[in-house]
Amino acid sequence: MSRLISLAKHREIRTVIFLILLFLIVGIVNPDFVTVANIENAVKNSLLYIVLAAGITFVLLTGEIDISVGGILGLSAAVSGMFLRDGGSIFLAILIAIVIGGVIGLINGLGVTKLRISSFIMTLGMLEIARVVQVIYTNGKWVENLPKTFKEISQSSILGINTLGVIVIIAVILIHFFLVNSRKGRYFAAIGDNQDGAVLIGIPVKRYKVFAFVISGICAAVAGLIFASQIGFISTTAGIGIEMTVIAAAVLGGVSLSGGIGSVIGASVGAIIMSSINSALVFLKVPAFWNSAISGLLLILIVVADVLIVRRANKKANKERLNARVLNYQEGA
Amino acid sequence: MGETKRLVKLDHIQKTFNQNKVLKGVSLEINQSEVISIIGGNGAGKSTLMKILTGVYKADEGSIEINGDKLTNYNPSIAHDKGIYLVPQEPLLFPNMTIEQNLTIGFHKKKQEVREAAKKLIEQLGWNFDLSRYAISLSIAEQQQVEIIKGLLRDSKVLILDEPTSSLTFAETESLFKLIEQLKNAGVGIIYITHRLDEVFQISTHAVILRDGKVTLKGKINEFTKEMLIQGLLPMDSEKDGSHSYEKCSVDRMKEEKILRVQDLCGDGFKNISFDVFKGEVVGVAGLLGAGRTEIAEAIYGITQVKSGKVILNGKDITHFRVKETIESGIAYIPEDRFLNGIFSISSISSNMTAQVIKKQKYFIDKQFEKKITDEYVSRLSIKIGSQDDEIRSLSGGNQQKVVIARILSMNPQLIIMDEPTRGIDAAARSDIYNIITQLKEQGYSILLISSDLEEIERISDRIYVIYRGTCNVCLDLEEINATNVMRAAFGTYKGSENYV
């Protein structure tokens, strides 16, 4: 039991150790990997994933899942990208993206809570719909020629550190405090932990699930903007398959797929790991297509380990319960 | 205790669920510093009454008065505000949160205040809690303690404990009793729901017996004896419908062969269980809910593991057989929850009936064969169906159960284990099932009947083994079977049973 607690307690630490090991091992094979420049690069490349992972963590905490993030990312990036290309203001473009993400998240949330569609199916459908809407809206063309001012956002730096990076890291820390220390923030994890118990103490479970999907949608839209700014153009396949990477990142960072456990900080570290694996493969001279297979494998390994731990704990608790009922002769004497 | 304040008064509470009258006018009062034990068999209405008291259900008739105020629009949050708190039998904590988080969540006070209050309480109670521990790491007893603290933090005036000792060890029970004593002295009124008569005498000031939705016995504990409590739990003679009696037979155990021998079986939830079942008899397994009966049946059938002991069927050791092998050697099991484990609800009647026997078929299913089997059993067990292809869930409960019985009969078993075969089945279908059981017995099948229904088990069993807290020390022979004896044994006070004080 005590091992389980220490595991549960140190899920984030476990992730950090994994990250350090990854850098050490790849660094031994190829010392170029652990240069300051490369590490900074790794963090910069992972910003997108961090934002997505932070958003999806809300949904995962409530015990649901959101796989529409890739679609939301592509659609909101394309729509606000075209708006920017046609001379729109950056502020409005950001607003448009956020509205798109929020609305899709709202639809996801209402579908899951009101229509009781399983979140997997609901968001899978939404993923495909968003992709098609994106193709229709852009006429199947890439969105290019984004204004320079917009592209420079991702290049600017404060005190030698990437500005976006600073903003994202501060935001993640703030969200972490909200989820851990505020009364309402803790409701998200409570819902995934014990839904019946949450209902009993008066948490509006459905409303908070909708909130979670909306937050995830907005984060995906923001990630879309980061994507557009960093890459400079938006293809019709922008962010394809990214949901897999992001879910893997969250789980790798200690977020439980059955809900109730996890933190945004953990998920962010997981996101850094996932994007570092990508570049590590390059340094190890492994063909890039191995990336997906590796993230899939990691995901399965972690989830299986989690399920096994939980199942063992449940079995043990059940056994204890049954055996406590049995009359014991020594007791009565 | 000079002046005691009345905390709660329930007056002539009535409640009906789907034409089933669960509470038939129950009145109950609790004053400060009282510990009222509520005792009652399964389905007596205890939990319904408590759900009405906590505002989860609304009473059809009757009134609730708390601290002298008559309440009309009652609901759980008013109950909380008025200081009525229920500690559920299975704690509902958030496993992945710390104790402190569990205590503070959903509370509208400042976290700091709650923490201070909780710390003070824990100190007062003399418990040793690290508030930063995760709920998942707590034992059941500790979880219960956390639930109690949750109740006390809300300044509860009335604390309802629903079978709190059902999963506690002896030492944990002792510490709970000490707590009850402390709370009582502090003026809290406690409603204590239990099956264990010894505990009633140990801690309560008053006892109330509920049977069949009515209070049959109520008063100060020192006016009662165990014997009187047992009598209060028994059905009145006039209420029994003696219209039907089922033929019983005492098997000549010298001559007949033993079908099943269970020797010293130990597992999770039961210990040292020994019994025999002979050919052509109905053996009842009686006991209260949670006594371990279903666990024993599942161990025999091979669903759960046996720690030690032996199960012998027809002289063959089948102790560690898996389910498939047990079925093949001739045991059939009709589970307790038909909807969960017994039927394939959206499949057709004929598919359900032949679900087991088609295993003996080759790769393709012979439709003709399915139809033949279904026809045979539909007429044999007089199952009322529209068409063989109807979904089984379109049938009534009684007919569904008959289909399940048909399914296992098609496998031609020697021993049939039936776990609560008439739960949720109306009276007419119930006597049909009893007739079927009696017929099966005459045809030479042996039946192990697990039931919480006192009347049922008394009426159709030839012999009864009574399980009490996971042990089996009482075997009632044909001439010893009567409601009083079964009840006594189920509550652990039968003269032959091991005394537990």
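**Entry 1: the interface**

How many residue pairs are in polar contact between chain B and chain A? I counted two, with both residues of each pair at pLDDT 80 or more. I kept in mind that this is a predicted model.

Next I ran the salt-bridge rule across the interface of chain B and chain A, and it found zero. I then listed the elements of chain B that give two or more residues to the side touching chain A. They are helix 3 (99-104), helix 5 (140-153), strand 12 and strand 20 (471-476) of chain B. I sorted that side of chain B by class and got 16 nonpolar, 16 polar and ten charged residues.

Then I turned to area. The size of an interface is often given as the accessible area lost when the parts come together. Chain B and chain A bury about 3500 Å² between them. Carbon and sulfur atoms carry 58% of that. Which residues of chain B lose the most area to chain A? I noted L92(B), F94(B) and R469(B), together 15% of what the chain B side buries. By residue count, the contact takes 42 from chain B and 35 from chain A.

**Entry 2: confidence in chain A**

**Entry 3: salt bridges**

Side chains of opposite charge can pair when their charged atoms come close. I searched the whole structure and found 22 salt bridges over all chains. I followed up three of them in chain B.

R6(B) pairs with E65(B), with 3.4 Å between the closest N and O atoms. This pair links distant parts of the chain: R6(B) sits in strand 1 (residues 6-17) of chain B and E65(B) in strand 4 (residues 61-66) of chain B, 59 residues apart. E65(B) is buried because its 17% is under the 20% cut-off.

D60(B) bridges to K15(B), the closest N and O atoms being 3.8 Å apart. Here too the link is between distant parts of the chain, 45 residues apart. D60(B) is in the loop between helix 1 (46-53) and strand 4 of chain B, and K15(B) is in strand 1 of chain B. I put D60(B) down as partly exposed at 40% relative accessibility, and K15(B) as buried at 10%.

D276(B) and K258(B) meet at 3.6 Å, N to O. D276(B) is in strand 12 (residues 270-278) of chain B and K258(B) in strand 11 (residues 258-267) of chain B, so this bridge ties together parts 18 residues apart in sequence. K258(B) is partly exposed, at 37% relative accessibility. I also found that R6(B), E29(B) and E65(B) are joined into one network by salt bridges that share partners.

**Entry 4: T57(A)**

Last, I looked at T57(A), in helix 3 (residues 36-61) of chain A. Its relative accessible area is 0%, so T57(A) counts as buried. What does the side chain of T57(A) reach at 2.6 Å? I traced it to the backbone oxygen of A53(A). Leaving aside neighbours within four places in sequence, T57(A) is in contact with V255(A), S263(A), V264(A) and A267(A).

Key
Residues numbered from 1 in each chain as written. Chains lettered and ligands numbered in written order. Predicted model: local features only at pLDDT ≥ 70, side-chain atom pairs only at ≥ 80, totals over all residues. Heavy atoms only, no water. Salt bridge = Lys/Arg side-chain N within 4 Å of Asp/Glu carboxyl O. Helix = DSSP H or I, 4+ residues; strand = E, 2+ residues; numbered from the N terminus. Buried < 20%, exposed > 50% of the residue type's maximum accessible area, 1.4 Å probe, protein only. Contact = heavy atoms within 4.5 Å. Buried area = accessible area lost by both parts, 1.4 Å probe. Polar contact = N/O pair within 3.5 Å; in protein donor to acceptor, adjacent residues only side chain to side chain. Nonpolar A, V, L, I, M, F, W, Y, C, P; charged D, E, K, R; others polar.
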